[in-house]
Each structure stands twice: as C-alpha cells, then as structure tokens.
Amino acid sequence: MIQLLFALVTVFAIGMLIRWGVRKRRKQHSAGPAAPPTSTAAPPAFCPQCGQPAGPDSEFCAGCGSKLR
C-alpha cells in the first residue's frame, strides 16, 4: 500500500514539474522578443572600429564605413 502511495505521489510530482516547465516556456514565448533599447545619445567622437574622427551628424565612418549609431 505504501509503495502504491509513493508511486502516485512521484507521478504527481513529475506531472507538476512538467506543467510548470510548459507554463514557463509559454510565458516566455508569448512575451515576444524584447524591443532593443533606443539610444538618443550623440554618436561617438571617434569611430570605434578604425579610430577616425567622426562628425556630429555622421551615421557612418568616413574612413571605414562602419555604422556609428
């Protein structure tokens, strides 16, 4: 009798762990991907790739062409 009770409790515990994992996974998927943070900061004074000076309104480096923002 005790073995049967132990087996039932074990099956119940495994079922609850599976249910918890499925709910957690659904919650992560339903939230969707997080939006990237928008940056309002000014572009860097120098290109992080090649080190060339960058203008205040430049979106791309004049030296190597990498994106500054």
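S66 is buried in this predicted model, with a relative accessible area of 18%. M1, by contrast, is exposed, at 83%. Of the 69 residues of the protein, 7% count as buried.

**S66 and its contacts**
- S66 is found in the segment after α1.
- Leaving aside residues up to four places away in sequence, S66 touches C47, Q49, E59, F60 and C61.

- Together with L4 and L8, M1 forms a nonpolar patch on the surface.
- The accessible area of M1, L4 and L8 together is about 400 Å².

**Whole protein**
- The secondary structure consists of 1 helix and 0 strands.
- The accessible surface of the protein comes to about 6400 Å².
- Carbon and sulfur atoms account for 65% of that accessible surface.
- Among contacts in the protein with a separation of 6 or more, 8% are between residues 24 or more positions apart.

Conventions
Residues numbered from 1 in each chain as written. Predicted model: local features only at pLDDT ≥ 70, side-chain atom pairs only at ≥ 80, totals over all residues. Heavy atoms only, no water. Patch = residues over 30% accessible without salt bridge, like charges linked within 9 Å, V, L, I, M, F, W, Y side chains within 5 Å. Areas by Shrake-Rupley, 256 points an atom, 1.4 Å probe, with all protein chains shown as cover. Salt bridge = Lys/Arg side-chain N within 4 Å of Asp/Glu carboxyl O. Buried < 20%, exposed > 50% of the residue type's maximum accessible area, 1.4 Å probe, protein only. Helix = DSSP H or I, 4+ residues; strand = E, 2+ residues; numbered from the N terminus. Contact = heavy atoms within 4.5 Å.
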